[in-house]
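Thanks for asking me to look this one over. Here are my notes, in the order I would go through them with the model open.

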Amino acid sequence: MTSLCLGDPAHAGAMQTGGAAQGPEATPSASAAPVAAPAAPVIEAPKLLQKTEASYPAEALAARLEANVRLQLKVDAEGKVTEAEVMEPVGHGFDEAARTAALQFRFEPGKRDGVAKRFRIVYTYAFRLPVDAAPPGPVAEAGTPPDAALPPEVVSSTDENTIDVTVVGESAAERHRQSAEAVQVIEMEQIGYETADLGKALARTEGVDVRRAGGLGSNTRVSLAGLSDDQVRFFVDGIPLEFAGYGPGLANVPVNLVQQMEVYQGVVPIRFSADVLGGAVQLITDQDVHGSGVAASYELGSFDTHRITASGHHLQESTGLLVRAHGFYDNARNDYLVDVQVPNDAGKLAPARLPRFHDGYQAGGASLEVGFVDRPWAQRLLVRAFINATDRDIQHNPSMTQVFGDVTGTDGSAGTTLRYAQTFGQGLTVDTVGGYTFRRSRFLDVSKCRYDWYGRCFVTLETGGEMDAGAVERYVNQHAVFARFNASWQPGAPHTLRLAVAPTFVVRTGEDRQLQLLQQADPLSADRDVGSLVTGLEYQYEALEGRLQNVAFAKDYLQSTGAQKLLASNEFLDLTRTTHELGVGDNFRLRLTPTLTAKASYEWATRLPRPDELFGDGLLIEDNLELVPETSHNFNLGLGVSLLPGRHGSFRANVGGFARLSDQLITLIPQGSFSRYQNVYAARSLGVVGAAGWTSPGQLLSLDGNATWQDVRNVSGEGNFGSFKGQRIPNQPSLMANGSAQVKLSDLLRSQDELLITLRSRYVHEFFLAWEGAGAAATKLTIDTQLTHSVALTYVMRDTPTKLSWTLDLQNLTNARTFDFYGVQRPGRSLAAKFTLER
């Protein structure tokens, strides 16, 4: 983060008097990995144009008390104070008086590079008694206004139209938006009030498709520009999601523990030190850490859904000691109605609408982090420990054609991480994190009953096992050791060099106890391990006073796999091998005008097979030890405009195109009740995305919409699907769109309260479940066009330092039949309520 201090001659014009302002929404970060900032922007801090003097509290005046009240003000791009937070309460009525007055302040908007932006200002309102009422000792001079006494770091001024400011560079979110990177930044504050999980929130973004195989806790498939599954990687504060301790999938991460999501489309910066083909999603937690605070949320919804999150932190400013904890618990029966075929009295299949009866889900976890921040010897030195567990019932096979009544899967992990970050002299910044994660999975299918959709056991099985011909009881243990080392060096203002190194080593062990009881060879007992080393080097150059930015990079991928495959002779074959690949890329950005920005990016990307793809997951995915890496040429183009608030409100829009030319794609292929990953074909994905939004003056009404069109086709004439060359890849919708309208009413019952009424709609065009060229037209399996609507009513109360919110959310208003991949039916109309507390 670039810091501009008082007295800096290069930015003297940006300094005014009276508090401390931070760049647009900037806050100190105690957890997010530092990213080397570009050349310092030209900052013009907000100037106080109109102030309101606070009424001296009668209680304090009678007791002859004085006080300094530190306020953090949010100033929008129109110069209005939208929020005033008392940072250090002093009591005796001072806090309320200062906050009430500050909310009536009016500023000349602050600017960054000539463009009006939102700012945060730390403003000290000093209450001083009149001379004839002042307590013994030094007093303010006669005529001094109540807010003239300022903290030591701020210089007083006789010009009452200005305030002195310590300006801090733009936030990481704003820096990413303005950088050359192909990234979209999703702010999570309002989403945290809603009942939407991270999967639903992400699906509202252009170029992104998120689909599920059921309700809460079901398998989630995220697609970026046509590439999906493990081709898209997820990170929490720079740590891969599978090692971060929040459960097995994105949608299971509690939304209230995330402050921001960053979506990288196809071209992924080296700082993630990952082999990624289609893109990456970064979850950022707890950036704004100061003092002490707690937060909690509770959600109650249809299908017996309960979700609870809680967190707390304490930062001792004098020593830099930080302690914080997170916890979550989810529970759902997922007993929503589905349309199925069941035998009638004559034994023929007939349609029926019945509830799912074996689809329960439970998950919980907790983490504790202790360490030091903002010390001379370390910006961050933090140790984190975590534990989590998931328990899930499995209702049916991937196509809903076979019903299960007693099949379950559990997953749990525990681990620890150590993070160290520091800025040294000569523009050198280092951030490194390492850790160990243990994961244990269990898959249990030993029932001797065959169930129907009524939940009845209608057939007794001799050997047990509903899914296959035989009982299964599998246990898989995984030990993972990983590290991420990032260094950034800025030898001169326009030049920045970055290095990223990431070693990861995973060992798998396991057993199938049912096979052992039968004294048969157990393939899970084989020794299996995989080690990878991803290295990246990046060079960033800026010109034209920061309007042009170019980031060129190269990556090196090395993977070594040690595995044994069980042969039909009950002997194990050694399949140890080493893979080495290279990759290059470039990001380019040009600010054509202060409000118009153009971007272009390219990466020759490689993705190495994941442990679950090679070894299976011990549950529903079998091993394939012969997978080879995927590769892809990824292209992005984009043009974005953002117009300042004016008489007719504010407007924002962007349009872009993408191309993905991929080979050796690894795809999960169903094989009866189980599935297996295979290298199947080369694919070409072309698409166009666009988004636009408008906010009325005063932010009373906001309208937003986006659309994605994509054409994903098989371009390989060889392999299992060679006969389908040139055809659309199944299970991929070609057109998706989202729209929203929000009405915001402020200052209803109390000052700064908000009532939000939000209507959202989603459109998904029909798509094929199988290859479009297979079968007769009348028998082709398709998912019909889907249009769904939801409405949410949210009330937010801000009573510094406490913030409360209540939300009532009605999903799928029309109770439309909705489906995701493989034709699995999603929940119908549902109602949920959510309560959040922050203090």
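Predicted model: local features only at pLDDT ≥ 70, side-chain atom pairs only at ≥ 80, totals over all residues.

**Notes on the sheets and the chain**

1. Strand β14, residues 220–224, pairs with β13 in the antiparallel sense, and five bridges link the two.

2. Zooming out, β13 and β14 are part of an open sheet of three strands, ordered β13-β14-β15 and paired antiparallel. Its edges are β13 (208–212) and β15 (227–228), each of which pairs on one side only.

3. A further open sheet is worth a look. Five strands make it up, in the order β12-β18-β19-β16-β17, and here the pairing is mixed. β12 (183–187) and β17 (239–240) each have a single partner strand, so one side of each lacks a neighbour in the sheet.

4. How many bridges join β16 to β17? There are two, and the strands run antiparallel; β16 covers residues 232–236. Within this part of the sheet, V236 sits opposite I239 of β17.

5. Now for the chain as a whole. It contains seven helices and 52 strands. Of its 839 residues, 53% are buried.

6. On contacts, take those with a separation of 6 or more: 68% of them involve residues 24 or more positions apart.

How values were computed:
Residues numbered from 1 in each chain as written. Heavy atoms only, no water. Pairing = 2+ DSSP bridges. Helix = DSSP H or I, 4+ residues; strand = E, 2+ residues; numbered from the N terminus. Buried < 20%, exposed > 50% of the residue type's maximum accessible area, 1.4 Å probe, protein only. Contact = heavy atoms within 4.5 Å.
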